[in-house]
Amino acid sequence: RSPRRRASSATDDDDAVDEDPAPAAAPTAAEPKISFRRFDVGDVALFLPTGGAEAQKAYLAFHHGCPHRYLAPASIEAIRTVHQRYPDFILGRVVSAEAREARADENPYRLPLGTAFYVLAVESL
């Protein structure tokens, strides 16, 4: 937008200009944004605990319209080791995503049989 001219008065200079405030800076590429509608390799995801027992702790990605994205057990263990406990949430950059289907012999999240789910490995941020 161009600067606006003020109405002149007896004490104002005819060339006085009101400058609009500078717009807020847009986030740079270095500032990660949390994904919640899709989870591709390189995306940043927020995972929250599902409330399971500590021996079978699971974290589910915060999402909108793309359910069943779980944090890989190896990522959970690596982050737990660093923090010396299970954190209240995990923020990480997705490094791999593996599609699976709930079967009678493989259903760690107790989903209905035949349900597609994804196991996401992350690097902690």
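**Talking through the model**

Mentor: Start with Pro49, which is partly exposed, with a relative accessible area of 32%. Keep in mind that this is a predicted model.

Trainee: Okay. Which strand does Pro49 lie in?
Mentor: Pro49 is in strand β4.

Trainee: And what is Pro49 in contact with, leaving aside its neighbours within four places in sequence?
Mentor: Lys57, Ala58, Tyr59 and Asp88. Pro49 and Tyr86 are 37 residues apart along the chain, yet their C-alpha atoms are separated by 8.8 Å.

Trainee: Let's zoom out. How many helices and strands are in the protein chain?
Mentor: The chain has 1 helix and 8 strands. From the N terminus, the order is β-β-β-β-β-β-α-β-β.

Trainee: How much of the chain is buried?
Mentor: Of its 125 residues, 26% count as buried. Contacts reach along the sequence as well. Take those with a separation of 6 or more: 51% of them join residues 24 or more positions apart.

Trainee: Now the inside. Which residues of the largest nonpolar core touch the most other members?
Mentor: That core has 14 residues, and the ones touching the most other members are Phe39, Phe47, Tyr59, Leu71, Ile90 and Val122. At least two core residues come from each of β4 (44-49), β5 (59-61), α1 (73-83), β7 (90-101) and β8 (116-124).

Trainee: Switching to the helix. Which residues of α1 are buried?
Mentor: Ser75, Ile76 and Ile79 are buried in α1. They span an arc of only 100 degrees around the axis, so they sit on the same side of α1.

Trainee: Why would residues three or four places apart point the same way?
Mentor: An α-helix has 3.6 residues a turn, so residues at that spacing point the same way.

Trainee: What covers the buried residues of α1?
Mentor: The cover includes β5, β6 (69-71), β7 and β8. The face turned away from the buried side carries Pro73 and Ala74, which are exposed.

Trainee: And what follows α1?
Mentor: Gln84 does, with a positive phi near 65 degrees.

Trainee: New topic: Ser35. Buried or exposed?
Mentor: Ser35 has a relative accessible area of 15%, and the cut-off for buried is under 20%, so Ser35 is buried. Ser35 is found in strand β3 (residues 34-35). Beyond its neighbours within four places in sequence, Ser35 is in contact with Asp43, Val44, Ala45 and Phe62.

Trainee: What about Phe36? Where is its place?
Mentor: Phe36 is in the loop between β3 and β4. Phe36 is partly exposed, at 33% relative accessible area.

Trainee: Which residues form a nonpolar patch on the surface?
Mentor: Phe36, Leu48, Phe62 and Phe89 do. Together they have about 360 Å² of accessible area.

Trainee: Last one. What does the accessible surface of the chain come to?
Mentor: About 8800 Å², with 52% of that belonging to carbon and sulfur atoms.

Conventions:
Residues numbered from 1 in each chain as written. Predicted model: local features only at pLDDT ≥ 70, side-chain atom pairs only at ≥ 80, totals over all residues. Heavy atoms only, no water. Core = buried A, V, L, I, M, F, W, Y, C linked by side-chain atoms within 4.5 Å. Buried < 20%, exposed > 50% of the residue type's maximum accessible area, 1.4 Å probe, protein only. Helix = DSSP H or I, 4+ residues; strand = E, 2+ residues; numbered from the N terminus. Contact = heavy atoms within 4.5 Å. Patch = residues over 30% accessible without salt bridge, like charges linked within 9 Å, V, L, I, M, F, W, Y side chains within 5 Å. Areas by Shrake-Rupley, 256 points an atom, 1.4 Å probe, with all protein chains shown as cover. Salt bridge = Lys/Arg side-chain N within 4 Å of Asp/Glu carboxyl O. Arc of directions from axis to C-beta.
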